[in-house]
There are 2 protein chains.
Amino acid sequence: MLSENFLTELLSKNKKTVARAITIVESDYPQAEFLLNSIFTNTGNAYRIGITGPPGAGKSTITNHLTKHYRSLGKTVAIIAVDPTSPFTGGALLGDRVRMSEIGRDEGVFIRSMATRGNLGGLTKKAIDAADILDAAGYDFIIFETVGVGQSELDIVQAADTTIVVLVPESGDSVQAMKAGLMEIADFFVLNKSDRPGADQAVTSLKTILMFKPHDEHSWLPNILKAIGTENYGIKEIAEEVDKHQKYLNSYNLLLTQRKEKLTYRIKEIVESKLIQQLWQHGKEQLILDQIHSASNLSSPYQIADDILNSFKETIIERD
Amino acid sequence: MLSENFLTELLSKNKKTVARAITIVESDYPQAEFLLNSIFTNTGNAYRIGITGPPGAGKSTITNHLTKHYRSLGKTVAIIAVDPTSPFTGGALLGDRVRMSEIGRDEGVFIRSMATRGNLGGLTKKAIDAADILDAAGYDFIIFETVGVGQSELDIVQAADTTIVVLVPESGDSVQAMKAGLMEIADFFVLNKSDRPGADQAVTSLKTILMFKPHDEHSWLPNILKAIGTENYGIKEIAEEVDKHQKYLNSYNLLLTQRKEKLTYRIKEIVESKLIQQLWQHGKEQLILDQIHSASNLSSPYQIADDILNSFKETIIERD
């Protein structure tokens, strides 16, 4: 159990307690669910921003400068950086060690790296749980920063209120982004490193692709902003575009609708993962192995699957 | 129901029937499971090869030339090309139209593109089901060709007996491959476009990374082959390396062990997807919406999830 004190410190943004709370969730400690249930009524005040894009697009630089900008306005910022890691190297490659020393010492900034450890699906859930903790702790902005390479990473940024896709002028980058599903999720684009050759062409090609997106007069049309992250150029404009998008969502009462849709999706995921966990709890895996290894077995995977399912249902009925 | 005739034609490699059988599986037609159960005892004879790598590495070119090479040895080949698609463009970007005209007319070659249509997880299952159909139909080699960008694509190539990761000498490519989890799954590497500058350096950096992989004297050590796909250079060596890997697996009785492990994993996935399907069949989704939209509701997502689960279990008990 968690002490009263723990929750009080968490809600008053004590950095150590916040970090510990995220560890509880990230490591699936027994108190995790109790913790998340306890803080739920304190969530909903932070504005959540997702920043994604292909590797090397400069997402971290943009995130850092955007954070500094929000700090200059007196706002607090929490960053959840999600790194795809290799199970065999064991650790995150995209370290945030550099920036830790830069903005991490600021009391109004919280940075957390979350790695996959081989289970991407679980990571999405944990990143969103962590955002709830940071939301309850009172951070004004929560930024999910993740490389846009797979469905799970997209799920994470889609949990945000505003999603920014960062691209660079390199040839074919926008086409790759389209293939990776990044075009659908962007509330706006940032063309970073826009002093490089091909920047105008990239903007044109992005605009062309966006024209194919169905829209009407009330639709939000994704803008394309130019930036040079390393020179802090275009950062204020990014913050303004986030603000513009937030106002748009509010004016059509979409922020609440969108959050409810995302909550529905999240609950579905939780139900499914809990059910799956219960499914494999009672030695059902052994049934598969027994069937596969029995020399005479000629059952197809689908027939074996049905046997397992029936056996799981019997377990539920017996426990009743 | 499917006619006797249909199954006979399928097992005798009638291209039209094979294509139709894959469509049944891909479109989740009601006969899909009956079909897969019927052919299961005819599977297990094809050798399955996975070819993956970053976008633009030249996987299709390698696949095409490898196919021609196998054909020159009198072997039949089926290719399952898995394309990540964009829900908003609607279709596959990485078409195989070009090669269809080249090797697709060959009676001993079967090519099928499978697209995601927004559900990557389902695609893995369907690609493996399709491989079973092609296996039963009697193709000697089945090649899964997929871009290595996400977990689901990796799942598909991991269903293969031998997995080939194709890279190019571009700087950082091997590091990106490591981040994407490609280093773990490779039984060997093909450094394509190896006439480009940086090829030797790329080989060295790959070797360095591979040194960190735990191994003992009986381990299979992933080799790194150089190739120039467009010039048909290095293709014979790829086929020889596949053969060498197959012999290694057989000599340690690993082929059967590995296939049983993969079958176990596959059955688990089937059980889970069937259970999830049943979960949402009985209006359980409405329960989430009701709870979320009730103004007084202060339940956390985890509490709502528990309510849904209990309600699902009651449904199972009642139906008993």
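A: Let's start with a term: contact means heavy atoms within 4.5 Å. Keep in mind that this is a predicted model.

Q: How do I read two packed helices?
A: Two packed helices are described by the angle between their axes and the distance between the axes. Here, take helix α14 (residues 301-319) of chain A and helix α14 (residues 301-319) of chain B: they pack at about 95°, with axes 9 Å apart. Angles of 65 to 115 degrees count as roughly perpendicular, so α14(A) is roughly perpendicular to α14(B).

Q: Which residues make that contact?
A: From α14(A) you have A:Lys313, A:Ile316 and A:Ile317, and from α14(B) you have B:Lys313, B:Ile316 and B:Ile317. Sorted by class, that's four nonpolar residues, two charged and no polar ones.

Q: And aromatic pairs: how many does a search of the whole structure find?
A: Eight, over all chains. To read one, check the ring centres and the angle between planes; under 30 degrees counts as stacked. The rings of A:Tyr70 and A:Phe141 have centres 3.8 Å apart and planes at 15°, so that pair is stacked. A:Tyr70 sits in helix α4 (residues 59-72) of chain A and A:Phe141 in strand β4 (residues 141-147) of chain A, so the pair ties together parts 71 residues apart in sequence. Both A:Tyr70 and A:Phe141 are buried.

Q: What about A:Trp220 and A:Tyr248: what kind of pair do they form?
A: A tilted one, with 5.3 Å centre to centre and 45° between the planes. A:Trp220 is in the loop between α10 (199-211) and β7 (223-226) of chain A, while A:Tyr248 is in helix α11 (residues 235-251) of chain A, 28 residues apart. Together with A:Tyr252, A:Trp220 and A:Tyr248 form one aromatic cluster.

Q: Is A:Trp220 buried or exposed?
A: Buried means under 20% relative accessible area. A:Trp220 has 16% relative accessibility, so it counts as buried. A:Tyr248 is buried too, at 17%.

Q: Where is B:Ile224, and what does B:Ile224 touch?
A: B:Ile224 is in strand β7 (residues 223-226) of chain B. Not counting residues up to four places away in sequence, B:Ile224 touches B:Phe189, B:Val203, B:Leu206, B:Lys207 and B:Leu210. With a relative accessible area of 14%, B:Ile224 is buried.

Note on methods
Residues numbered from 1 in each chain as written. Chains lettered and ligands numbered in written order. Predicted model: local features only at pLDDT ≥ 70, side-chain atom pairs only at ≥ 80, totals over all residues. Heavy atoms only, no water. Axes fitted to C-alpha atoms, helices over the stretch in contact; angles between N-to-C directions. Helix = DSSP H or I, 4+ residues; strand = E, 2+ residues; numbered from the N terminus. Parallel < 35°, antiparallel > 145°, perpendicular 65-115°, else oblique. Nonpolar A, V, L, I, M, F, W, Y, C, P; charged D, E, K, R; others polar. Phe/Tyr/Trp six-rings, centres within 6.5 Å; stacked < 30°, edge-to-face > 60°. Buried < 20%, exposed > 50% of the residue type's maximum accessible area, 1.4 Å probe, protein only.
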